[in-house]
Amino acid sequence: MSQVETGDKTQIATAPRSRVVRPTGAAWILVIIVVLYAAVLLGGPLLAIIWGAASSGLKAMVRELTSAEAINALKLTIILSLSATIINTVFGLILALVLARDDFKGKRIVNGLIDLPFAVSPVIAGFMLMLLFGRQGWFTATIDALNVRVVFALPGMLLATIFISSPFVVREVLPVLRHLGEDQEKVAYTMGAGYWRTFRQITLSNIRWGLLYGILLTFSRALGEFGAVLVVGGGVTRLTETSTLFIYRALDDRNEVGAYAMALILAIISFSLLLVMEYARKHSRKD
Amino acid sequence: MPASSPAIRPWGRWGLRVVGIVWLGLIIVLPLSALLEHGLHDGVSALFREIANPIAFAALKLTLLTAVVMAVINTVMGTLTAYVLVRYRFFGSKLLNSLIDLPFAIPTLVTGIMLVVLYGPQRTLGAWLAARGIQVIFAQPGIVLALLFVTYPFVIRTVQPVLMEIDQSQEEAAWTLGASPWRTFFEITLPAITPAILTGALLSFARALGEFGSIVIVAGNIPRSTLTAPVYIFGQIESQNQRGAGAISVVLLALSFALMLFVDWVQERRGKNHVSG
């Protein structure tokens, strides 16, 4: 997904913009088709969830959302997403730097491996972790000996979230680093700024908007993760139940109000993140 | 690119390289190896036996079929949307442009719930459609609809930047020489954006193969009818049949991996054409 977006930024910044005109005649038909399609496909479901939540009543919704289970689930989602985002930001930055500024045999393989989580179904991602840490897994004996639980526990869910959201920071930062080149870094270094200072004051400041965009993508992807944490976490109420797992259980229990209320909360958070992302992307293009 | 960057000291370069590679090894290569080892442990014939299981086979077929239908619709509508967004300014065009990425932001499980609220058999619209013999939820159209929502941005976001780059003087020349707008589009514009369309369509296809959250809610998951491959895998894991889960996982993974390689190849070719001409 971010592949889709990364390639563009540098091109948009340099390419002459094509002429944008007001539609006339037959062009209006195209515009109407496009707008109707978007309205039916995106707008309809969005309005439906707002309507569905509203029709169940504000009071009932607030009651559902302030239940101990719901608050626990939201807390767990935020903790998992924040941890996964921090870890993926650090290692994503390192990988982006290595791919942009370093050269070695097998670099192409490293580059290809980064995208792999995009090609893996979340269910399969969870399953892989079961094969490593579940019954008769590769490392089950080791972690048992250390008395650590991974599967049906938080460590496994964190690993699943990290895996699923790992490509975003690399994919957003790498094209910006490549586009910037090394000239400024070289100058700073020649003038006596140390490696760390060069990185902080030149590199990091140049990539800040792209980095922010990548971080937000990572967080937003982690926030909505469902399949992988369902397989690994098992959705034990209050212990390994994230917001999405809460929704899934609420639907199973025929607790529609709870499911809609939590779905609406997640939709609102994602939508706000999207707005900040648009802002970051615009700045990232200007840089 | 020079092998030695002044911004990174030799020990720092080695350090970063080792940290990055070890991290990828732990977080990606290791889980992948476990899956491949598990899936191929009992040999290829055992793998085929699992795939030949009628329910598994029907699930794979359904996943491929719905992904193909989605990709065709997505290709046409995505290209059209990108074209309209790049060439025309109209009331709401900026808003539409910023809403394109919405499906990336919304959790897929929430997408599933939205569709059930809108098209569910007990809902106004759903009941109206059902009275006319159209069942969306717990049926295959629901799966395609969910896939269309989830993959909406792919073709648009790959085609848009390429369309922006195109030199419009060629189109204008064709136009001045008397070619109709249709002919101009099909003979000048379309060939230039075909690799981008293909890339977007393939990426959306690969994404659709693995979709779980929205489908598990929307499809009803009836074996041989609306049970897709990822939901089948989930069911096998739940019922402790790791062998069945492993076999179908390997097949899905191989498919999406092949698609990603193909996308890489398309993009590389596009890059080369760019340089040479």
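Domain bounds here come from an automatic or database domain assignment. On that basis, chain A of this predicted model splits into domain 1, covering 25-55, and domain 2, covering 58-286. The C-alpha centres of these two parts of chain A sit 30 Å apart. As for what joins them, the contact draws on four residues from domain 1 of chain A and six residues from domain 2 of chain A. On the domain 1 side, the residues touching domain 2 of chain A come out as three nonpolar, one polar and no charged.

Chain B gets a two-part assignment as well: domain 1 is 1-41 and domain 2 is 45-276. Here the C-alpha centres of the two domains of chain B are 31 Å apart. Five residues of domain 1 of chain B touch six residues of domain 2 of chain B. Sorted by class, the domain 1 side of that contact in chain B holds three nonpolar, two polar and no charged residues.

Turning to the contact between the chains, 89 residues of chain A and 83 residues of chain B take part. On the chain A side, the top contributor is helix 2 (residues 26-55), which supplies 16 residues. The make-up of that chain A side is 61 nonpolar, 15 polar and 13 charged residues.

Two packed helices are described by the angle between their axes and the distance between the axes. For helix 3 (residues 54-87) and helix 11 (residues 181-210) of chain B, the angle is about 145 degrees and the axes are 9 Å apart. The crossing of helix 3 of chain B with helix 11 of chain B is right-handed. Helix 3 of chain B brings B:Thr63, B:Ala67, B:Met70, B:Ala71, B:Asn74, B:Thr75, B:Gly78 and B:Thr79 to the contact, while helix 11 of chain B answers with B:Ile197, B:Gly200, B:Ala201, B:Ser204, B:Phe205, B:Ala208 and B:Leu209. Counted over both helices of chain B, the contact has eight nonpolar and seven polar residues, with no charged ones.

A word on confidence. The pLDDT of chain A averages 87, and 92% of its residues score at least 70. Residues 1-16 of chain A are another matter, with pLDDT below 50, although this stretch still has 36 contacts in the model beyond near neighbours in sequence. Where pLDDT is low, the predicted coordinates should not be read in detail.

Definitions and conventions. Residues numbered from 1 in each chain as written. Chains lettered and ligands numbered in written order. Predicted model: local features only at pLDDT ≥ 70, side-chain atom pairs only at ≥ 80, totals over all residues. Contact = placed C-beta atoms within 7 Å. Helix = DSSP H or I, 4+ residues; strand = E, 2+ residues; numbered from the N terminus. Nonpolar A, V, L, I, M, F, W, Y, C, P; charged D, E, K, R; others polar. Axes fitted to C-alpha atoms, helices over the stretch in contact; angles between N-to-C directions. Left-handed = near helix turned anticlockwise from the far one by under 90°. pLDDT = per-residue confidence, 0-100.
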